[in-house]
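Hello,

Here is the structure you asked to look at. Please open it beside this message and follow along with the notes below.

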Amino acid sequence: MLVSASSFTVELGENGYLIGFTDDYAYPSEMPFGWRCGPATDANAVVLTTTDTGPLQITIEVHDTPPAPETGGEWEPAEELSLRTDLPTLYLATLEQGDILDAWPDEEPALEAPSSSDSYDWMRMRLYCHADDPEPGIGDHGERHLVQLWPAPQTPPLHPDITEEDRQARAEYAADMATPVEDYTVTYTSVHAGEED
């Protein structure tokens with residue numbers, strides 16, 4: 001049964017968003033290229049969007065039992081994963097270029113994980129996505145997401161198969177994230193004629 005819900009528009013940065021039961025944000029060490037979502041940590045997920053920089057209409061529903069699947073052709077196939085409830089409150093943040101910004105609107109009441117008689121430390125997240133313009137890019141793509149959450153024991157994620165190109169993109173991202181910052185530092189020596197030491 002539906003316990004609580006919230007619907008609002010988020011202005012995205014360049015890299016999607018984080019959603020979950022922690023406010024301890026960090027850029028994910030891996031990106032789920034080929035999927036819409038994947039784990040950033042045990043307590044939050046990274047969600048990739050079609051919209052690069054622009055608005056996203058997001059509806060988040062908290063249920064106390066698994067909701068019935070959405071039917072009809074308006075949504076892409078659903079993806080699911082388990083999130084640990086480190087905190088009882090649901091958090092949302094956008095992944096900007098080099099920054100992570102809280103994205104939960106001030107005027108929207110916080111959503112809480114429902115208490116469960118089974119005392120699960122985990123919630124199941126189901127993600128549905130739709131974009132009027134499915135080609136990635138900047139601006140308004142008519143993108144909408146429906147996120148459904150309910151208490152459930154940790155179980156394996158549900159995702160579509162990925163391509164070799166997706167695997168390569170994942171490997172390149174992981175390699176970039178593993179490269180220490182000092183490897184990107186370049187020192188330049190300036191020599192000007194006629195200057196004394």
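In helix α1, the residues D166, R170 and Y173 are buried. Seen down the axis of α1, the buried residues fall within an arc of 65°, so they line one face of the helix. The face turned away from that buried side carries exposed residues, namely E164, E165 and A178. The helix runs over residues 164-178, which makes 15 residues. From its first C-alpha to its last, α1 reaches 21 Å, close to the 21 Å expected at 1.5 Å a residue. Please keep in mind throughout that this is a predicted model.

Next, the sheets. Five strands form an open sheet in the order β1-β5-β10-β9-β6, and the pairing is mixed. Which strands stand at the edges? They are β1 (2-11) and β6 (79-84), and each has a single partner strand, so one side of each is left without a neighbour in the sheet. From one strand to the next, the twist averages 20°. Inside this sheet, β5 (residues 55-63) pairs with β10 (residues 143-151) in the parallel sense, over seven bridges.

Strands β2 (residues 17-20) and β4 (residues 44-47) run antiparallel and are joined by four bridges. Y17 has V47 as its bridge partner in β4.

Is S6 buried or exposed? Its relative accessible area is 4%, and buried means under 20%, so S6 counts as buried. What does S6 touch, leaving out residues up to four places away in sequence? The residues are I58, T59, I60, W104, E108 and L111. With E108 there is also a polar contact: the side chains of S6 and E108 are joined at 2.4 Å.

Regards

Conventions
Residues are numbered from 1 along each chain as its sequence is written. This is a predicted model: local features need pLDDT of at least 70, side-chain atom pairs count only at pLDDT 80 or more; totals for chains, interfaces and linings use all residues. Side-chain values use heavy atoms; hydrogens and water are left out. Two strands pair if DSSP finds at least two bridges between them. Helices (H or I, at least four residues) and strands (E, at least two) are DSSP runs, numbered from the N terminus. Axes are lines fitted to C-alpha atoms, for helices over the stretch in contact, and angles run from 0 to 180 degrees between N-to-C directions. The expected span of a helix is 1.5 Å times one less than its number of residues. Buried means under 20% relative accessible area, exposed over 50%, partly exposed in between (1.4 Å probe, protein chains only). The arc is that of the directions from the helix axis to the C-beta atoms. A polar contact is a pair of N or O atoms within 3.5 Å; within protein, one must be able to donate a hydrogen and the other to accept it, and residues adjacent in sequence count only if both atoms are side-chain atoms. Contact means heavy atoms within 4.5 Å.
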